[in-house]
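Q: Can you walk me through this one? I'd like the overall build and then some particular residues.

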Amino acid sequence: MKHFLLATVLGISGKIYAEDNIDLKKVPTSQNETSQVKPISNVSDLMYFPSKGTFGGATKYSYASINQVLEYQSKEFTNTKIKTSSLEQTLGFAYDSKTLFGAILSYQLDSEASTSYGPGSTRNGQSAKNKSEKGLEDPTIFLSERIKFQETDNFNIDTTIRFSPKTGTAKSSTVAKEGNALRGANEFEFELNLGKKNEKSSWKAGLAYSLTGETKSEDAEVPADLTISESSNLYGLSFSYQWVVNNDFEVNLNTVVHKMV
C-alpha cells in the first residue's frame, strides 16, 4: 500500500535573530576586498548554521491535517481524517564550523481522528470519532554536518542524521478513552539539503528518508488489544524559497512531497 502527501505552506515572518561574530581584523579596507568577507548569517536563513562554540535553539508550533483512505478489494474500507497540533523545542551545539549536534523534544497538544466506513466494510455508512491523543512524544537526537560552504563552493550542502528511540508504550485512543503521543517504535532519519543565499532571496532543496520500525500500540481501554504495524519507509522531496522584503521581514514558500512504502 502506498501513500502520497503533498503540502505547500506559505509563511510570512519577521526576524528575531542573532548574527555570527565578525573578526574586525578581517573587515575589508577597500571595495576590492568586499567579496571576500563571509556573509552575515541570521537564524532566519533557510540554511542557517551557527558559529563554532555556539548554543542555539528553536521553538516551533505545527498543525497538520491528514486524510487517509484504506481500500479492500478496490472498495473503500475506511476514510480517516486526522488533525494534530504540537509544540517542538530544539537545542543544538556547534562543535566546530561544520558540525552541529543536539536534541529535539516535542509535546503533542492534541490529535483528533474521525473515521467513516465505506462499501468495503461491514460497517458501511457508519462513522466514529476517537478521543484525543496528547502528551510528550519520543525525543530525538541529531547530528548535522556541513560538507560544502557557499563562500568557497558556491552552494551550501548539509547532511543530517536523526534518531528517535522508543521510550514507552504507545496507547491508541478510543471513542471513550484518551491515548498518548508515543510512537511505539524506533525511528531513523537521513536528510540532505542543498541551498544558496542571495542578496534578496534564498532557496533550499532537500531529500529525506526515514525508517520506522515495527510499531506496537495498545488500546487505551483494553491493553491486551494490540495494533501491530510492519516497519515502513518514507521518502521525501522538499523545496523552499525565501523573499527578503527588508532587513526585518521575509516571505517563505515551502513545498513538501512524501511517499510511504
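A: Below we go from the overall build to the core, the surface, a few loops and the salt bridges.

Q: Is this model predicted or experimental?
A: This is a predicted model.

Q: How many helices and strands does the protein have?
A: The protein has 1 helix and 15 strands.

Q: And what share of the residues counts as buried?
A: Of the 261 residues, 28% count as buried. The accessible surface of the protein is about 16,700 Å², and carbon and sulfur atoms hold 55% of that surface.

Q: What about contacts between residues at least 24 apart?
A: Taking contacts between residues at least 6 apart in sequence, 62% join residues at least 24 apart.

Q: Which residues make up the largest nonpolar core?
A: There are 5 residues in the largest nonpolar core: F49, A94, L100, I104 and F142.

Q: What does A94 touch?
A: Leaving out residues up to four places away in sequence, A94 touches P50, S51, K52, G53, T54, T99 and L100. One of these, L100, also belongs to the largest nonpolar core.

Q: Switching to the surface. Which residues form the nonpolar patch?
A: The patch is formed by Y61, Y63, L87, L105, Y107, L109 and L136, with about 720 Å² of accessible area together. Strand 2 (55-72) and strand 4 (99-117) are the elements that give two or more residues to the patch.

Q: Which strand gives the most?
A: Strand 4, with 3 residues. L105 lies in strand 4 and has a relative accessible area of 47%, so L105 is partly exposed rather than exposed, which takes over 50%.

Q: How many aromatic pairs are there?
A: A search of the whole structure finds 5 aromatic pairs. F93 and F101 form an edge-to-face pair, with 5.9 Å centre to centre and 65° between the planes. F101 is partly exposed, at 38% relative accessible area.

Q: Now the loop between strand 2 and strand 3. What is the phi of Q73?
A: Q73 is in that loop, and its phi is positive, about 50°, although Q73 is not a glycine. S74 is found in the loop between strand 2 and strand 3 too, and S74 has a positive phi near 65°, again in a residue other than glycine.

Q: Last topic. How many salt bridges are there?
A: The structure holds 6 salt bridges. One of them pairs K197 with D45, the closest N and O atoms being 3.2 Å apart. K197 is partly exposed, at 28% relative accessibility, whereas D45 is buried, at 13%.

Q: What parts does the R146 and D158 salt bridge tie together?
A: Their side chains meet at 2.7 Å, N to O. R146 lies in strand 7 (residues 140-148) and D158 in strand 8 (residues 156-164), so the pair ties together parts 12 residues apart in sequence. R146 is buried, at 7% relative accessible area, and D158 is buried, at 9%.

Q: Which residues are joined into a network with E187?
A: E187 forms a salt bridge with R183, the closest N and O atoms being 3.8 Å apart. Salt bridges that share partners join D138, R183 and E187 into one network. R183 is partly exposed, with a relative accessible area of 22%.

How values were computed
Residues numbered from 1 in each chain as written. Predicted model: local features only at pLDDT ≥ 70, side-chain atom pairs only at ≥ 80, totals over all residues. Heavy atoms only, no water. Core = buried A, V, L, I, M, F, W, Y, C linked by side-chain atoms within 4.5 Å. Buried < 20%, exposed > 50% of the residue type's maximum accessible area, 1.4 Å probe, protein only. Contact = heavy atoms within 4.5 Å. Helix = DSSP H or I, 4+ residues; strand = E, 2+ residues; numbered from the N terminus. Areas by Shrake-Rupley, 256 points an atom, 1.4 Å probe, with all protein chains shown as cover. Patch = residues over 30% accessible without salt bridge, like charges linked within 9 Å, V, L, I, M, F, W, Y side chains within 5 Å. Salt bridge = Lys/Arg side-chain N within 4 Å of Asp/Glu carboxyl O. Phe/Tyr/Trp six-rings, centres within 6.5 Å; stacked < 30°, edge-to-face > 60°.
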